[in-house]
Amino acid sequence: MGTQRELEIVRHTTMNNLEIFLVEMTERSPHGHDDLEIGLLLEGGMTLFLEQETYELKKGDIYLINRYQVHSFLNTGEKNLILAFQIPTDFYRRLNPQLTYLRFESNVIHSGHLHTHLSGQLLSCAALYFGSEKFRELECSSLLLHALYELLKNCPYTVTGEREYHIAQNDSLRINRIAEYIAEHHQEQISLEEIAEREHITACHASHFIRKMLGISFQEYLNNTRFDHALRLLSQTDLSLLDICMESGFSSSRYLNRMFEKNFGCSAKEYRKRKQNCTMRSIKEQALPVSNIQKRHSFEGSALLFRNFAL
């Protein structure tokens with residue numbers, strides 16, 4: 001539940017070539033991983049931030065995240081449950097090496113014949129994965145390979161080269177280093193120049209890079225991180241506004257109040273008094289997540305939840 005950002009390392013424990021799990025998502029900061037990820041939203045809704053695009057997902061929607069594609073999630077106010085598939089490249093590139101650098105161009109499937117067919121295959125695959133049937137790995141793999149085949153037949157995609165792959169990989173590593181540094185030092189007076197120096201690039205390059213990867217400026221992301229921390233302190237502690245400013249990195253209560261007016265339409269003091277009556281404004285709804293708050297269920301927990309869902 002902390003705010004640390006890192007390149008996600010997926011460990012495949014149940015089947016060497018596949019990880020399936022259930023997760024309840026509140027907030028997930030920008031991150032990337034080497035696996036292709038497919039998610040089916042079983043319950044609720046959430047916002048998916050993918051590079052500079054924003055998608056509002058509802059129950060039944062399917063999303064696709066390419067290797068090293070920077071993405072984040074935000075709960076839309078209702079409890080959700082995601083059936084997530086994280087698929088290592090070896091799962092399909094040994095069958096067709098041309099797919100090593102596969103990249104789907106469409107990232108969300110809301111409806112239609114492909115959606116119906118794909119949903120059925122994913123649910124059947126998960127039922128086998130969480131089951132105890134002998135040799136289920138074979139049928140599970142077969143179903144998932146067929147799902148990938150259907151995606152390749154029906155969704156636009158590109159097969160990039162090794163150079164493009166390494167650019168995406170390096171960009172993911174860089175943005176996660178930057179985001180992690182901001183999370184750890186937002187209480188301090190950090191600057192874009194400091195970030196650029198750490199990455200051995202110019203401030204201009206750093207500015208363009210952050211906006212390209214996150215869709216907002218360095219200062220906006222820093223302010224969002226500070227505001228997120230201040231909001232938690234205001235809601236969960238009795239600290240004074242001055243102490244909250246010092247703890248979260250705002251130089252004065254004036255800047256803190258400006259963020260509350262922007263997001264809630266009231267001052268920080270008013271929010272603390274009547275937070276249930278303050279209405280969140282659209283800017284916060286579209287702000288990139290800056291924390292990691294999720295409940296990823298174990299294999300046993302996922303299996304139990306999935307069986308209850310299927311009943």
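1. A quick term before we start: two residues are in contact when heavy atoms lie within 4.5 Å. By that rule, and not counting residues up to four places away in sequence, arginine 272 touches Leu233, Leu234, Thr237, Asp238, Leu239 and Ile244.

2. Some housekeeping. Keep in mind that this is a predicted model, where local features need pLDDT of at least 70 and side-chain atom pairs count only at pLDDT 80 or more, while totals for chains, interfaces and linings use all residues. Numbering runs from 1 along each chain as its sequence is written, and side-chain values use heavy atoms, with hydrogens and water left out.

3. Back to arginine 272, which sits in helix H10 (residues 268–274); helices here are DSSP runs of H or I with at least four residues, numbered from the N terminus. Its side chain reaches the backbone oxygen of threonine 237 at 3.0 Å. Leucine 231 is 41 residues away in sequence, yet the C-alpha to C-alpha distance to arginine 272 is 9.5 Å.

4. Have a look at H7 (residues 218–236) and H9 (residues 253–264) too: they pack at about 90°, with axes 11 Å apart. Axes are lines fitted to C-alpha atoms over the stretch in contact, and angles run from 0 to 180 degrees between N-to-C directions. H7 and H9 are therefore roughly perpendicular, a label for angles of 65 to 115 degrees.

5. Who meets whom there? From H7 come Asn223, Asn224, Phe227, Ala230, Leu231 and Leu234, and from H9 come Leu256, Met259, Phe260, Asn263 and Phe264.

Technical notes:
Helix = DSSP H or I, 4+ residues; strand = E, 2+ residues; numbered from the N terminus. Parallel < 35°, antiparallel > 145°, perpendicular 65-115°, else oblique. Polar contact = N/O pair within 3.5 Å; in protein donor to acceptor, adjacent residues only side chain to side chain.
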